[in-house]
Protein chains: 2
Amino acid sequence: MKSLREIKGGVCAPLGFRAGGIHCGIRKNKDKKDFALILSDVPCAAAGVFTSNLVKGAPVVVAARNLQNGKAQAIICNSGNANTCNKDGIAVAEKMCGLAADIAGIPADDVIVASTGVIGVPLDIAPMEGAIGDLYASLGDNSDAAAEAIMTTDTVPKSVAVEFEVGGKVCRMGAIAKGVGMICPNMATTLIFITTDVKISSAMLKKALSEDVKKSFNMVSIDGDQSTNDTCCILANGLAGNDCIEADGADFTALKRALGYCTVKLSRMIAKDGEGATKLIECNVSGARSVKMARGVARAVIKSSLVKAAMFGADANWGRVLCAIGYSGEAVDPDKIDVSFRSAAGDLPVCKGGSGVPFDEDYAKSVLSCDEVQININLNLGRNKASAWGCDLTYDYVKINGDYRT
Amino acid sequence: MKSLREIKGGVCAPLGFRAGGIHCGIRKNKDKKDFALILSDVPCAAAGVFTSNLVKGAPVVVAARNLQNGKAQAIICNSGNANTCNKDGIAVAEKMCGLAADIAGIPADDVIVASTGVIGVPLDIAPMEGAIGDLYASLGDNSDAAAEAIMTTDTVPKSVAVEFEVGGKVCRMGAIAKGVGMICPNMATTLIFITTDVKISSAMLKKALSEDVKKSFNMVSIDGDQSTNDTCCILANGLAGNDCIEADGADFTALKRALGYCTVKLSRMIAKDGEGATKLIECNVSGARSVKMARGVARAVIKSSLVKAAMFGADANWGRVLCAIGYSGEAVDPDKIDVSFRSAAGDLPVCKGGSGVPFDEDYAKSVLSCDEVQININLNLGRNKASAWGCDLTYDYVKINGDYRT
C-alpha cells in the first residue's frame, strides 16, 4: 500500500469532478436532500455493475444501457422513490438522464441514472424538472451533499477518498455510498458512485471494477435480500495525466489497490450501518482449498440469522458458526475447522478441529461486546482466503422493517 | 382424500406401537421431559431422511447407518444436548441405541437415535443409563409424553394421526415433531418421527418419504439456517394386514396421501411455532413452468427477512415479495407476476403483471393482521404449483436467539 493515503473530498477529490445534492420535493421532509448530481468536466471512461435480481429497477436498465459504450460524464440520482415496478419507469429514468444532459450540455447516453426508495409508486419527474437548475448551480466541492442526498435509512453518509501514484503521477479516487436501508415501504438498495482522475481504458476499468466487487460489495450482507436497484459505477476522467492504463501491469495494480481500499472501506461502513445494527461483524476465512470455497463459507456465516442474533447477544455460540459452514455448500472437512472470535478486547479460540475448547464466559462476553467483532475461521485445507462483512440482528432491525409504510 | 380422517393417539395410533417420555436429568429443570422412546411390538420397514449439512450430529451418523438395511423397531431420543461437535459423540449415540436394544430385547442396529439441544458439550450417558428402566416401564399410549420430551423451545407439542384405507384394510399413521427452536446455546433442529401399521417394503417406504419431504418439511423455513441434527424417520410395522405395498399403484397412492396429510399438517405447525412467531405465513406459487421453479420461488419468498418483517408489521409490502422472486434464481418474467395476500379477513390483490394495483390500507392491515396469512403468487408461465411455510420475523425471535447461553 506504499504511497496510498486517505484524503478529504469524497467524489470531488479527483481533479475535474463537481458534485451537488439538494431537496427537490420527492420526499415530504424538506430537510432531507433527495436529488444528487456528479459531473466530470470532461468525458470519462466508465463502468458499472448492477443487481442480478431479475426484477430490476428502471434506472438499472437505463444505466446499464448507457454504459454499454464504456463512457459517461455524469451521474444523476434521486432518493425517496426507486422508480421500480412502475409501467412508465423506463421513460422517467430516461427523462432524468435528459435533465442532466440538457443542463450540462452532454449527450443523454453519457448520464448514469440511479434511484432508491419506495417501489411500485410512479416517480413524478416534475420536482426534478423544477430543481435541476438549482442542483446544477450547486455543483462544486460538495461530495457530502451528494452523499446525503442518496441516503435512505442510512444513519451516516458514507464517503472515502485516496491519493496514490500511477506511473509516477499523483492520482486521486473518491467514492460515496448508501447502504442497506429500508425506506417505507421499500427494500434495501446499495448505491456506490466512484470517481477517479486516473487515465485508463474502458475495458481495463470494467475489468478492475468487476474483479473488485467480488471481494468487496458482493461480500456484504445485511439481511440476505438482494435489491432491485443495486448499482456500483465508476467514472475515470484521465485528468491526472498518467500514461493510459491499457493492460495488466504495475499501473493497473496500483489502480486496483486504490479501488480495493475504497471499496472495502465502504463495505465495512455499509455493514456497520446495517439496519438496526449495533456492531460490525467481519468473517475472515483462511485455509480454504479455493477462493470460491473461502468466499462461500464467509458469506454463509455472515448471512446466518442465528449467528447474527448471537452476535447481538454477545453470545460465543460457535456451534451456529459451524452449522453455517456446514450448509454453505462448500466441501469442507468439519473435523479440521478452527474457529475463534476476536475484537479489540482480545482473541477467543472456541473450536479446534471441529470440537469445542473451554473458554471463560466473562472473557467471551467482553470480546463479543465490542462494536467490531471478527469471526476467524481456518478450514485447514489449503491457502486461500476471503473476508465478508455484516452486522448483528437486532430488535431495531425488526422494528425498522416491520413498521407500517403508512 | 376419501376415507382419510384424523384420529387421536399420535405415534401410538397405529397398531402395535407404544411410546413414552420422561425426565432423565440431561436438563436441569425437572419438570421438563428430556428422554423419549418409541417402540414397535414387531420389526418394521423403516426409512429416514437427514440434514444435508456437512456438520452432522453424531446421532445422525449412527441413525443413518442403522437405517441402511431398511429396518428398525425403536426410536430413542433426548433433548437438552445435541451430541454434536463432541469427540466421543458417535460412541455415546451408539450407547443410546444399546440402552434401547438391551431393555427391549432387539438388535442395536434396529434402533434409530436422535438428539437435540446444546452442541459442543459432551453428552453424558449416565442419566439415560439410570433412567432407561423407568422410560421402558412408562411405555404405553403415551405419544404426548414422547412429543413433550423432544421439545426444545417449541411452545406446543406437535402431533397428528390419521386413519385411512389401503386395499380395503383400515390403516393408521401417526407422527410427532419438534420444530425449529433454539435451546441455549444451540441451533434449530427439526425432528419428525412417524409410525404406521401399513405393510410396505422398505424400498417403497423410502421412496414415499423421500418424495414427500420435498413437498413438506423441505418447504418450511423459520430462519434459513439448516440444522446439524435434522431427522425425519418412519417405521411401518405391517400390523394393519394389508397386502404388502411393493410397487406403485392405488395402495401406494393411498399411503402417500396419508403421509402427505400428516407431514403438511406438521409443517404448518412447525412454521407457526417458529421462534417468536406471531403468525403462520403460507406462500402458494402457481403458474410456474416447472415444479422446481414453483418451489424455488416459494422458498425464496418465505425465507426473505424483509418479507417476514413486513408480515410482522402487517405491512402489504409486495415490493419485497417481487424482490425475493427476482433473486430466487428461477427464470421468471417479472412483467407477468401477480401477487395477492389472503387471510380469513379477505383477499387483497396488490400486484398485477409486475406493477402495483391500488388498495385500501386499512383493509390491507386487517387482511395481514390475521394469524394465518397467504402470499399467493401467479407466475403466469405454466401450470406447476408449490407451497412453502414460514413465520414472521419478530422482536422475540431476536430476543430468543440473542440471549446469552449463560
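Author: In chain B, seven strands make up an open sheet of mixed pairing, and their order is S9-S16-S11-S15-S12-S13-S14. Strands here are DSSP runs of type E with at least two residues, helices are runs of type H or I with at least four, and both are numbered from the N terminus. Two strands pair if DSSP finds at least two bridges between them. The model is predicted, so local features need pLDDT of at least 70 and side-chain atom pairs count only at pLDDT 80 or more, while totals for chains, interfaces and linings use all residues. Residues are numbered from 1 along each chain as its sequence is written, and chains are lettered from A and ligands numbered from 1 in the order in which they are written.

The edges of this sheet are strand S9 (220-221) and strand S14 (355-356) of chain B, each of which pairs on one side only. Further in, strand S12 (residues 338-343) of chain B runs antiparallel to strand S15 (residues 372-378) of chain B, and five bridges join them. Within this pairing, Phe341(B) faces Ile375(B) of S15(B). In general, strands of a sheet pair through backbone hydrogen bonds, either parallel or antiparallel.

A helix accompanies the sheet. Helix H7 (residues 291-303) of chain B lies across S9, strand S11 (280-288), S15 and strand S16 (384-391) of chain B. Its direction is at about 20° to S16(B); such angles run from 0 to 180 degrees between N-to-C directions, along lines fitted to C-alpha atoms, for helices over the stretch in contact. Contact between two residues requires that their C-beta atoms, placed from the backbone, lie within 7 Å.

Chain A also has an open sheet of seven strands with mixed pairing, in the order S9-S16-S11-S15-S12-S13-S14. Its edge strands are S9 and strand S14 (355-356) of chain A, each pairing on one side only. Gly356(A) in S14(A) is the bridge partner of Cys351(A). Helix H7 (residues 291-303) of chain A packs on this sheet. There H7 touches S9, strand S11 (280-288), strand S15 (372-378) and strand S16 (384-391) of chain A, and makes about 20° with the direction of S16(A).

Nine of its nine residues are buried, so H9 is largely enclosed by the rest of the structure. A residue is called buried if 20 or more other C-beta atoms lie within 10 Å of its own, exposed if 12 or fewer, and partly exposed in between. Among the buried residues of H9(A) are Trp318(A), Arg320(A), Leu322(A) and Ile325(A). The cover over them includes H7, helix H8 (305-312), strand S12 (338-343), S13 and S15 of chain A.

Ile325(A) also belongs to the surroundings of Val297(A). Leaving aside residues up to four places away in sequence, Val297(A) touches Val285(A), Ala288(A), Ile325(A), Ser328(A), Glu330(A), Val332(A), Ile377(A) and Leu379(A). In the largest nonpolar core, which has 293 residues, Val297(A) and Val297(B) have the most contacts. Such a core is a set of buried Ala, Val, Leu, Ile, Met, Phe, Trp, Tyr and Cys residues joined through C-beta atoms within 7 Å.

In chain B, Ala314(B) lies in the loop between helix H8 (305-312) and helix H9 (318-326). Although Ala314(B) is not a glycine, its phi is positive, near 55°. Ala314(B) counts as buried because 21 C-beta neighbours are inside 10 Å. Asp362(B), by contrast, is located in helix H10 (residues 361-368) of chain B and is exposed, because 9 other C-beta atoms are within 10 Å. Its C-alpha atom is 28 Å from that of Ala300(B), 62 residues apart along the chain.

Finally, the domain assignment, which is automatic or from a database, divides chain A into domain 1 (5-271) and domain 2 (280-402).
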